[in-house]
Amino acid sequence: MDFPHLFAPFAIRDMRLKNRIIMAPMESHLGNADGSVSKEAIAYYRERALGGVGMVVVEYTCVDGQEGFSSMAPQLRLDSPFYRSGHGKLAAAIQSGGARACVQLSHAGRQSRESVLGRQPVAPSAVPLKSLYLNAVPRALEADEIPHIVQRYADAAALAAQVGYDAVMLHGAHGYLLQQFLSPLVNRRDDDWGGDFERRLRFPLEVVKAVRAAIGNMPLLYRMSVSDFIEGGLTIEDGEAIAPRLCEAGVDAIDISCGSLDRVDVIVEPMSIDEGWRLPMARRIRAATGKPVICAGVIRRPEMAEAAIAAGDTDMVSLGRALLADPLWPNKARMGRTDDIRPCTSCNWCIKETGGNRGVSCAENPRCGHETDPPIDDFGQGLRAVVVGAGPGGIAASLLLDQAGFAVTLFEKRHGAGGNLITSATPPNKEKLFWYHDFLQRRLAASRVDLRLGVEATADHVDAERPDVVVVAAGSKLAPLALDGVGDVPVHPAFALLLGDVALPPSSPERPILIYGGGETGTETAEHLAKQGHHVLLVSRSDAALLARNAEPLYRMHLLQRLRANAAITVADHSAVTGIDGDAVILQSKGETRRQPAAALLLAHGLVPDTRIADALAHLPVPVVPIGDSVRVARIGEAVRDAYRCVQDLRRTINQPEAIAC
Ligand SMILES: Cc1cc2nc3c(=O)[nH]c(=O)nc-3n(C[C@H](O)[C@H](O)[C@H](O)COP(=O)(O)OP(=O)(O)OC[C@H]3O[C@@H](n4cnc5c(N)ncnc54)[C@H](O)[C@@H]3O)c2cc1C
Ligand SMILES: Cc1cc2nc3c(=O)[nH]c(=O)nc-3n(C[C@H](O)[C@H](O)[C@H](O)COP(=O)(O)O)c2cc1C
Ligand code: SF4
């Protein structure tokens, strides 16, 4: 066994776990609109239980269907016996999959919306919330309302015990109601429920005691933001004082998390954050309580999970996004097949999709959230498929078609596969995307796909393969841009630089590399060049406040902080490149035209779908399916999802007999 500590059994109270791997609670939005458990939710959780985790923690489950939903509603509920049967089936499905079943009980307090609740959100005090995701003005709870909320947690926990869950977790993290009472910034009361440390602690302690009384000897876990990471908020020192008190009141294990809606970047960390960064905090809480701790947050590789447990930083690890990307993570680790784990890159496409109410999904794992889909069987046996373009969309389509039994030819005009996945991964702090790139390369090498590198596919190439289906994953190209004049400033697409296809001359502050376009490509290229020692002038038509506006918001927050602090990057906003004149670029800036000497001009003003090959193939008598950026310029997740949808649709349509004869 490669990971003896990770796969050593463990016990919380009397509950035996087969290993140290917990599935973190993650809102799936797979429940029914009324908050009950759906068959899709059951399939999603069961697939992860079958993947080998020791325990599954079912997502945010609301204890109060009137005031407890967060802004992410609709959410699962367990606030009345009506919800019993769904949760009973869910717990049983997880258990029959080989894992323990725990449910996370939560009340959002101020982190909700009037439009969701139909009434003003409640909080310890009427402190407004202004965050990246939500603005809200709550009303302060009356003192006599608070014991009723305590009772709701206890009632929900009693229902959880009745329906057969093995354990209950209180959601005391991420800025929800339990944390609001603890926070000196949010709890400004001066009564029995707030005013000093002891009184702020009262609500969580009452909830723990009430829940303990309701569930008897069942294990009780508490998910805690051990630090707020905001000035004046809760610190790790507060965490060290609070956690032992919770344990004295009846908590059996602490699950280490951080942040609130004010700092979502420390809850679901963007890809610039290091693996295992919370482990030192877990270690401190473990020492302070003497109780088992579970550490969540960017635990990605079994090697580092093993090392963390072996070093005594944590007793268990909690995997969130890693299990969206690959439900089989635990089993693959146990079998030593670590290279086969589909690696979560922290790209946070899942957050955008789940927040957008489309249901949980993963950029790399298109089956995530669609576990009721039939598996891809060998419906393509004896058929031939051609795929044009070996970016993430084309590689995913090729692998799925290969899985379906097609003989697949994959054309790629460059001398390596990867497409704009390489462009995406090259800038600083994005190297996790190379994990996915390398994974796809390994999968491609292990497949039967006939990869033809260095071939720019034409209609003739495709015709010659006599395909039964063609998938066009040709990606994007630069949007048209008219530049006046002539000159000797080298001009290249920025993506070509990131792909390593062009070399640049030296630059200086007087003669920088000029990048045109303040979007994600422009800003990331600027950082990339600055890291290589270049001087960069980043020209944006919009205001500097809108730089990289389409980037993932949490990643963008960190990107902008780094850009502002980078002395090698100057921003010219409200400016446009109109032409080239000799060794300079012509800039129109706030009504003035000027010559800006430049060592090179990199174009990052926008991309459009490349439809050339799809148009050339329109005459073919077989399905020609465009996917990914060649349909609309988007993200890796859309390209991979298109690939999956395309193959699932083919399963239903290609060579299928007509359903009716008349
Ligand atoms: C700077 C930058 C940063 C980005 N960062 C992120 C990010 O952090 N996260 C994210 O999700 N997305 C990011 N994206 C977007 C992401 O890279 C794309 O959405 C994704 O790569 C699209 O995949 P695709 O397979 O559709 O196309 P592509 O990745 O563009 O692949 C298309 C492939 O087709 C090949 N091709 C084209 N025509 C032919 C032909 N006729 N014959 C043979 N081969 C052909 C091309 O050479 C290319 O390899 C970023 C994009 C850029 C430019
Ligand atoms: C889509 C999604 C939904 C989440 N929902 C919850 C939730 O319901 N309750 C909770 O405590 N944490 C939630 N989280 C946070 C995760 O449990 C986890 O702590 C976080 O993603 C960091 O761990 P990871 O790097 O392993 O993903 C969610 C995370 C994601 C990605
Ligand atoms: S979408 Fe990105 S962050 Fe989310 S689970 Fe998948 S790889 Fe990880």
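## Ground rules

Two strands pair if DSSP finds at least two bridges between them. Helices (H or I, at least four residues) and strands (E, at least two) are DSSP runs, numbered from the N terminus.

This is a predicted model, in which local features need pLDDT of at least 70 and side-chain atom pairs count only at pLDDT 80 or more, while totals for chains, interfaces and linings use all residues. Residues are numbered from 1 along each chain as its sequence is written, and chains are lettered from A and ligands numbered from 1 in the order in which they are written.

## Strands lying side by side

Let us begin with strand E22 (residues 513-516). It pairs in the parallel sense with strand E28 (residues 600-603) over 4 bridges. Within this pairing, Leu 514 stands opposite Leu 601, and Ile 515 stands opposite Leu 602. E22 also has a parallel pairing with strand E23 (residues 536-539), again over 4 bridges, where Leu 538 is the bridge partner of Ile 515. Between E22 and E23 you can trace helix H18 (residues 520-531), and these three elements make a right-handed β-α-β unit. Right-handed here means that, with the strands pointing away from the viewer, the path from the first strand over the helix to the second runs clockwise.

E28 has another parallel partner, strand E21 (residues 491-493), joined to it over 3 bridges. Here Pro 493 stands opposite Leu 603.

## Two faces of a strand

In a regular strand the side chains alternate between the two faces of the sheet. In E22, Ile 513 and Ile 515 point one way, Leu 514 and Tyr 516 point the other way, and all are buried. A residue is buried if 20 or more other C-beta atoms lie within 10 Å of its own, exposed if 12 or fewer, and partly exposed in between, with C-beta atoms placed from the backbone. Are the faces of E28 covered or uncovered? Both are covered: Ala 600 and Leu 602 on one side are buried, and so are Leu 601 and Leu 603 on the other.

## A helix to look at

Now find helix H7 (residues 236-249). Its 14 residues reach 20 Å from the first C-alpha to the last, close to the 20 Å expected at 1.5 Å a residue. The expected span is 1.5 Å times one less than the number of residues.

Which residues of H7 are buried? They are Gly 239, Ile 242, Ala 243, Leu 246 and Cys 247. The buried residues of H7 pack against helices H5 (177-182), H6 (197-215) and H8 (279-289), and against strands E12 (220-225) and E13 (253-257). Contact here means that the C-beta atoms of two residues, placed from the backbone, lie within 7 Å.

## Positive phi in two loops

Arg 466 has a positive phi of about 45 degrees although it is not a glycine. You will find Arg 466 in the loop between helix H16 (459-464) and strand E19 (469-472). Arg 466 is exposed, with 9 other C-beta atoms within 10 Å.

Lys 590, also not a glycine, has a positive phi near 50 degrees. Its loop lies between strand E26 (584-589) and strand E27 (592-597), and Lys 590 is exposed, with 8 other C-beta atoms within 10 Å.

## Around the ligands

A residue is near a ligand if its C-beta atom, placed from the backbone, lies within 6 Å of it. Ligand 1 has 40 residues around it, and Gly 389, Gly 391, Gly 419, Gly 475 and Gly 628 come nearest. Helix H14 (420-425) gives the largest share of this shell, 4 residues.

Ligand 2 is surrounded by 26 residues, the closest being Ala 24, Met 26, Tyr 60, Gly 320 and Arg 321. Strand E4 (55-62), H10 and H12 each give two or more residues to its shell, and H12 has the largest share, with 3 residues.

Around ligand 3 there are 13 residues, with Arg 321, Cys 344, Cys 347, Cys 350 and Cys 362 coming nearest. Helix H10 (321-325) and helix H12 (349-355) are the elements that give two or more residues to this shell, and H10 gives the most, with 3 residues.
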